Amino acid sequence: MTTTPNADPPTKKQTQPKHTQPKQTEPKQPEQRNATNRHPRTSDSVAPTARHTRALSYARTTATAARVLRQLGHDPRTIALLLLIPCLMLFLLRYVFDGNPRVFDSIGASLLGIFPLITMFLVTSIATLRERTSGTLERLLSMPLGKGDLIAGYALAFGTLAIIQSALATGLAVWFLDLDVTGSPWLLLIVALFDALLGTALGLFVSAFASSEYQAVQFMPAVIFPQLLLCGLFTPRPEMHPALEAISNVLPMSYAVDGMNEVLLHSDMTATFVRDITVVAGCALLVLTLGAATLRRRTT
């Protein structure tokens with residue numbers, strides 16, 4: 001009989017190509033697919049972020065400032081702290097020295113530069129830290145928003161409030177509390193505005209090193225009080241100990257007080273006044289740059 005060869009099962013040589021051929025081709029296809037897909041993903045995700053964070057954007061900065069102003073508009077207590085407290089302190093100080101108005105004339109102008117700096121420092125540091133602890137800052141920085149855009153937006157928003165605050169305090173001191181100023185009240189307003197911007201910059205910078213609102217308030221004695229004691233408000237700086245005078249020469253609040261005193265004593269804009277406001281403005285810009293460099297997305 002010749003049926004036996006036809007009934008034999010297929011040999012290994014006939015079945016092996018059917019099993020081995022898929023094993024050789026199947027792993028190659030996913031690898032090629034991953035190799036082609038991995039490349040565009042990294043280039044699309046990294047390149048736009050680097051491109052967006054290279055320079056400041058006017059649109060992103062103004063959008064950030066508008067958001068901050070909207071949030072502050074829903075907090076009337078913060079608005080009252082920013083706008084009314086400096087005016088109230090000047091009003092109380094005027095009538096504390098009611099029997100000796102010359103004392104108010106000598107220190108009232110200096111306080112016009114100190115009060116905005118302190119209030120803006122306090123409010124800015126706490127507001128920035130609150131956004132970090134609530135996760136808002138992390139969500140914002142995950143978008144095409146650079147640190148420079150964020151810091152500039154905060155400076156623009158609080159700078160707008162600083163203009164209103166400085167105008168109210170200066171107008172109250174000069175026209176209602178009879179502060180005797182030899183120079184133009186507009187020069188007082190300029191110095192008060194730069195001082196408020198400096199307080200905003202210091203608040204943004206300090207908030208990067210605090211993990212809670214309580215710690216942000218604790219930075220005030222370390223950052224503000226030494227400048228308050230050494231700025232020349234209580235005694236002229238040349239009469240201090242030489243070491244303290246040298247320290248006061250590098251503190252920005254000292255130049256803010258000197259600029260106010262220049263307006264108090266001189267009718268024209270002097271070279272010393274220009275130097276003082278330039279130092280205050282330069283310190284504010286430097287601290288804003290440091291604040292952008294040290295800004296963290298969240299508090300650890």
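Helices, as counted here, are DSSP runs of H or I with at least four residues, and strands are runs of E with at least two, both numbered from the N terminus. On that basis the chain of this predicted model holds 15 helices and 0 strands.

**The chain as a whole**

Of the 300 residues in the chain, 41% are buried, and the accessible surface comes to about 16900 Å², with 64% of that area belonging to carbon and sulfur atoms. Among the contacts in the chain with a separation of 6 or more, 79% are accounted for by residues 24 or more positions apart.

**Pockets and cavity**

The table sets out the volumes of the spaces described below, together with the classes of the residues that line them.

| Space | Volume | Lining residues by class |
|---|---|---|
| Largest pocket | about 320 Å³ | 9 nonpolar, 3 polar, 4 charged |
| Second largest pocket | about 220 Å³ | 11 nonpolar, 1 polar, no charged |
| Largest cavity | about 30 Å³ | 4 nonpolar, 2 polar, 2 charged |

The largest pocket is lined by 16 residues, and those that lie nearest its centre are Leu72, Asp75, Thr78, Ala127 and Arg130. Four helices, α4 (58-73), α5 (76-83), α7 (101-133) and α9 (147-176), each supply at least two residues of this lining, and the largest share, 6 residues, comes from α7. The lining includes 4 charged residues beside 9 nonpolar and 3 polar ones.

The second largest pocket is lined by Ile85, Pro86, Met89, Leu111, Ile114, Phe115, Ile118, Thr119, Phe225, Leu228, Leu233 and Phe234. Two or more of these residues come from each of α6 (85-96), α7 and α12 (225-230), and α7 again gives the most, with 5 residues. By class, the lining of the second largest pocket has no charged residues, and 1 polar residue stands beside 11 nonpolar ones.

Technical notes:
Residues are numbered from 1 along each chain as its sequence is written. This is a predicted model: local features need pLDDT of at least 70, side-chain atom pairs count only at pLDDT 80 or more; totals for chains, interfaces and linings use all residues. Side-chain values use heavy atoms; hydrogens and water are left out. On a 1 Å grid over the protein atoms alone, a cavity is a set of points where a 1.4 Å probe fits but cannot get out, and a pocket is an open set with protein on both sides within 12 Å along at least five of seven lines; lining residues have an atom within 4 Å of a point. Grid points are joined across faces, edges and corners, and a volume is the space filled by probe spheres set on the points. Ala, Val, Leu, Ile, Met, Phe, Trp, Tyr, Cys and Pro count as nonpolar, Asp, Glu, Lys and Arg as charged, and the others, Gly among them, as polar. Buried means under 20% relative accessible area, exposed over 50%, partly exposed in between (1.4 Å probe, protein chains only). Contact means heavy atoms within 4.5 Å. Accessible areas come from the Shrake-Rupley method with a 1.4 Å probe; for residues, only the protein chains shown count as cover.
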